[in-house]
Structure formats: structure tokens, C-alpha cells
Amino acid sequence: MTAALAGVGAALGVQASRAGLSFGVASAQAQTDADDVTRARQVEVVDASGRRAIIIGTGGEGNPGVWFYDRNGKVRLSFGLYGDNNASMVLNDEQERAVEIFRTTGTGDPVLVLKSEGSDRVIMGLKGRKADPAFVYFDAQGRKKALFGDY
Amino acid sequence: MRRGFLVLLVGFCAGLAFGKPGVRSTLSARALTVAAAGSRGIFAGASKEGGMVLRVYGARGSGFAVGLDAAGSPFIRVSGVSGSAEGGVAGKLSSPRIDFRRGAAAIMTLGLRAGERGTPPYLTRGAGKDKSDLLDR
């Protein structure tokens, strides 16, 4: 009977340990111990007031990424992979609209896009099977112009 | 009854102490450091300037940094092998501008004139008096 109770207790303890419960003080404090590998579904870096500042985790499609939040809780910078495995690095304005996007498309062609108020203003990168360079932009009147190549 | 509870509690504590940690749902901290052998590796946390930064350290001070400055504006900075803040072959992305730098001077810049009507783009090369815009207004 005693052994059975101890066994049940031990099993519960192991499960609690796997769920992240430990004897130590939990989160939001600087950790000074070094583990070879720390595994988590999500890593959150908080600022001095405990507010979420950086998230390292996965997006809605299971894609890995890193997100930086400003003091208003808006994502201002992110980098990671899209659901189709293309890589991206995105800088956002205060309304969380993308203003600079550096990413790969299709089979890995690199593209850089500068945007203003949601509209593309500069697009440059390599395109197609021959990876032809292209640079197009939109002038103050919104007319599309190509310095070389096309998008 | 009381003895049974004590036995259960001791067993629970033993399991907690010796149980193999699994995958946590969320790990929360003020700073995150990944230390490579003989170097600083990766750091994520508050920057000296009052923002938040993720730095990847290379040899002799070179490296890669992304984050938000104290005003909340995002930046990406690549430092050259010379070890200076933006020395060697370096690039800096800030909203909405990209600088290609050598030392302190930006020798090519691509960006948008955010304060002007239509936010026209520019692509300049050279510095000082030799600076010229390659795009039509």
C-alpha cells in the first residue's frame, strides 16, 4: 500500500516536472544557469516591466519566426519562414503595416520591397529561371518606372 | 490517512526532483543568451540604448543585430569584420532606408522620402559633394 502510494506520487511528480513545474522560482527572471539545450514551444523575452518584447516561436502555419513588439504591443519587426518555407524579414510602421520586406519567393529568388501606406514603392531583386536582376519604382505621381528589368 | 498522504507527497516530490524536463509551453525571461564555445554567441534582451535587440556575435566585434531602438523603430544592422560598429562591408536597414556603409560613410542608400508628397523613392551613391540620385523624381 505504502509503495503504491509512493509510486502514484512519483508518477504525478514526473508529470508535473515535464509540464514545467520545478522547485526553482519560475519565469521572468534572468537565468544564469547554462543548459546545453533548453526546449520550449515558445520563448518570450520581457522588458523591465514584464511586458512582452520578443517572441521566438511558431506562427499560425507552424512556421518558425521571431517577432519584436513595441511599447504599444504592435509587431514592428519580424523574421522567419512563411508557410511555404520561403524566408522573410519584415519591418513594420507604427500601425503594423509593412514598410520593408526582404524575402525569397518561389524557388528562392530574393526580393526587396519598400512600401508606403500599404503600397509598393520600390521592388528590386532577382527574377525567373535566369535570376535576371530587376529594379522598379513608383515616382511621386505613382507612375511605375523600371531602372532595369521588370516586376 | 495522514501517513498515506505523507507517502504520496514524498513520492510526488521525488518525481518532481528526478523527472526529466520536457518541452515547456512558454519560457519567459528578461534576457536570453546562447553561448558558443569561446565566444558570446547570441543575445536577446534589452539594449544599452533602451530598446530591445537580438544580436549574433561574430569574430572581433562583427555580427548581426536586429531589434527596436528606444523609440520603437525597427532596425537591422550588419557589421563588418573590422569590428567597428558598421565597418567593413556593412549594411543597415531602418524604416524605410537601406544604407551600404564603409566606415562611417554611407556610400549607397536606397529609401523613400517619407516627408514628401507621394513618398518618392531615392537611390543615391557617393557621399558629400559627390552624392547623386540615380532615380528620376
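How many helices and strands does the secondary structure of chain B come to? It comes to one helix and 11 strands. Helices (H or I, at least four residues) and strands (E, at least two) are DSSP runs, numbered from the N terminus. Read along the sequence, the pattern of chain B is α-β-β-β-β-β-β-β-β-β-β-β. Chain A has one helix and 10 strands. Its pattern along the sequence is α-β-β-β-β-β-β-β-β-β-β.

This is a predicted model, in which local features need pLDDT of at least 70 and side-chain atom pairs count only at pLDDT 80 or more, while totals for chains, interfaces and linings use all residues. Residues are numbered from 1 along each chain as its sequence is written, chains are lettered from A and ligands numbered from 1 in the order in which they are written, and side-chain values use heavy atoms, with hydrogens and water left out.

Confidence was examined next. The predictor gives the complex an ipTM of 0.74 and a pTM of 0.77. Confidence in each residue is given by pLDDT, on a scale from 0 to 100. For chain A the mean pLDDT is 83, and 78% of the residues reach 70 or more. Residues 22–31 of chain A stay under 50 in pLDDT. For that stretch the model has 10 contacts beyond four places in sequence. A contact means heavy atoms within 4.5 Å. For chain B the mean pLDDT is 77, and 72% of the residues reach 70 or more. Among the elements of chain B, strand S7 (residues 90–94) has the lowest mean pLDDT, 51. Strand S3 (residues 42–46) of chain B has the highest, 94. The pLDDT is below 50 over residues 83–91 of chain B. This stretch has 33 contacts in the model beyond near neighbours in sequence.

Burial and surface were computed for each chain. A residue is buried under 20% relative accessible area, exposed over 50%, and partly exposed in between (1.4 Å probe, protein chains only). Chain A has 151 residues, and 35% of them are buried. Chain B has 137 residues, of which 35% count as buried. Accessible areas come from the Shrake-Rupley method with a 1.4 Å probe; for residues, only the protein chains shown count as cover. The accessible surface of chain A is about 8900 Å², and 52% of it belongs to carbon and sulfur atoms. For chain B the accessible surface is about 7900 Å², with 60% belonging to carbon and sulfur atoms.

A nonpolar core is a set of buried Ala, Val, Leu, Ile, Met, Phe, Trp, Tyr and Cys residues joined through side-chain atoms within 4.5 Å. The largest such core has 16 residues. Those with the most contacts inside it are A:Ile54, A:Phe68, A:Leu77, A:Phe79, B:Leu54 and B:Val66. Strands S2 (52–58), S3 (64–69), S4 (75–81) and S5 (87–92) of chain A each supply at least two residues of this core. So do strands S4 (52–57) and S5 (63–68) of chain B. A second, separate core has 10 residues, including A:Leu112, A:Val122, A:Phe135 and B:Leu112.

The chains also meet at B:Thr26. This residue lies in strand S1 (residues 24–29) of chain B. B:Thr26 is partly exposed, at 37% relative accessibility. Leaving aside neighbours within four places in sequence, B:Thr26 is in contact with A:Gln42 and A:Glu44.

Three loop residues of chain A were inspected. Most residues other than glycine have a negative phi. A:Glu117 has a positive phi, near 50°. A:Glu117 is in the loop between strand S7 (109–116) and strand S8 (119–127) of chain A. This residue is exposed, with a relative accessible area of 64%. A:Ala131 also has a positive phi, about 55°, although it is not a glycine. A:Ala131 lies in the loop between S8 and strand S9 (132–138) of chain A. Its relative accessible area is 33%, so A:Ala131 is partly exposed. A:Gly142 sits in the loop between S9 and strand S10 (144–148) of chain A. A:Gly142 is partly exposed, at 45% relative accessibility. A:Gly142 and A:Thr38 are 104 residues apart in sequence and 50 Å apart in space, C-alpha to C-alpha.

Terms used: pLDDT is the predictor's confidence in each residue, from 0 to 100.
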